[in-house]
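Hi everyone, thanks for having me. Let's bring the picture up on the screen and walk through it together.

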Amino acid sequence: GSERLSALVENLNAAVLVEDGDRRMAIANQQFCDLFGIPVPPAALLGADCSAAAEQSKPLFADPEGWFATIRGCLDGRQQVLDVEFALADGRTVERDYIPILVDGRDEGHVWIYRDITERREMVERRERLLDAERDVRHAIEEQNERLRQLDQLKSDFVANVSHELRTPLARIIGEADLALQRWMCSMLNLCRQRMHCCA
């Protein structure tokens with residue numbers, strides 16, 4: 001059974017550490033060693049004191065004390081805690097699951113599962129940046145459209161005001177032009193009559 005469990009853990013696509021009830025390393029896989037840069041094979045870790053190992057691992061994390069405090073919180077709470085993210089000191093991001101091993105209410109150990117989610121986190125951040133940029137562009141376009149609407153309104157108001165202001169003077173000018181035209185036509189008609197009278 002133990003060999004089958006070890007084989008299963010080794011083939012998981014995650015870094016796995018299984019502790020026994022005394023917080024001694026019972027199982028670890030190669031992904032665990034690779035993730036944290038442990039230069040020995042997993043078999044060499046078996047029986048190691050996990051409390052001391054955790055203390056020694058603190059410098060690997062961007063917030064060493066915060067990471068260490070969450071371990072203590074998990075151990076004290078003995079409740080499953082999933083998908084907790086931590087930043088590593090080298091810039092990577094890992095996600096951790098904690099699963100207590102309880103048999104008839106007794107603490108028989110702990111399972112820690114770590115996944116490197118750096119690429120996923122970077123994709124999420126890129127997507128958020130793109131969405132922010134898209135929102136900025138959309139906002140700029142909306143502002144530009146609003147300015148264009150305001151300019152159209154100003155133009156319409158200007159034309160309406162000019163039309164209103166010019167309506168009365170134009171009516172007077174047109175009226176005076178009609179009157180002048182009528183006078184001119186009368187003058188021409190009188191001139192024609194005079195010439196016709198002279199000729200007669």
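A quick definition to begin: helices (H or I, at least four residues) and strands (E, at least two) are DSSP runs, numbered from the N terminus. Residue numbers start from 1 along each chain as its sequence is written, and side-chain values use heavy atoms, with hydrogens and water left out. What you see is a predicted model, where local features need pLDDT of at least 70 and side-chain atom pairs count only at pLDDT 80 or more, while totals for chains, interfaces and linings use all residues.

Let's start with helix α5. Arg138 and Glu134 both lie in this helix, 4 residues apart, which is about one turn of the helix. Their side chains meet in a salt bridge, at 2.9 Å from N to O. By salt bridge I mean a side-chain nitrogen of Lys or Arg within 4 Å of a carboxyl oxygen of Asp or Glu. By this rule the count comes to 15 salt bridges.

Are these two residues buried or exposed, or something in between? Buried means under 20% relative accessible area, exposed means over 50%, and partly exposed is in between (1.4 Å probe, protein chains only). Arg138 is partly exposed because its relative accessibility is 39%, and Glu134 is partly exposed too, at 42%.

Now over to helix α4. Arg72 and Asp76 both sit there, 4 residues apart, about one turn of the helix. They form a salt bridge whose closest N and O atoms are 3.7 Å apart. Arg72 is partly exposed, with a relative accessible area of 42%. Asp76 has 56% relative accessibility, so it counts as exposed.

Which parts of the chain does the next pair link? The side chains of Arg115 and Asp83 meet in a salt bridge, 3.4 Å from N to O. This pair links distant parts of the chain, with Arg115 in strand β5 and Asp83 in strand β3 (residues 81–87), 32 residues apart. Arg115 has a relative accessible area of 21%, so it is partly exposed, and Asp83 is partly exposed at 47%. Both belong to a network of salt bridges that links Asp83, Glu95, Asp97, Arg115 and Arg120.

Next, the pockets. Rolling a probe the size of a water molecule over the atoms shows where empty space is left. A pocket here is found on a 1 Å grid over the protein atoms alone: an open set of points where a 1.4 Å probe fits, with protein on both sides within 12 Å along at least five of seven lines, and lining residues have an atom within 4 Å of a point. The largest pocket has a volume of about 390 Å³, a volume being the space filled by probe spheres set on the points, which are joined across faces, edges and corners. Of the 22 residues that line the largest pocket, Met25, Phe32, Ala53, Ala54 and Ser57 are the closest to its centre. The largest share of the lining, 6 residues, comes from α3.

Last stop: the surface. Phe158, Val159, Val162, Leu166, Leu170, Ile173 and Ile174 form a nonpolar patch with about 640 Å² of accessible area together. Patches are made of residues with over 30% relative accessible area and no salt bridge, joining like charges within 9 Å and nonpolar side chains (Val, Leu, Ile, Met, Phe, Trp, Tyr) within 5 Å. The areas come from the Shrake-Rupley method with a 1.4 Å probe, and for residues only the protein chains shown count as cover. Phe158 is found in helix α5 (residues 118–199), and Phe158 is exposed, with a relative accessible area of 55%.
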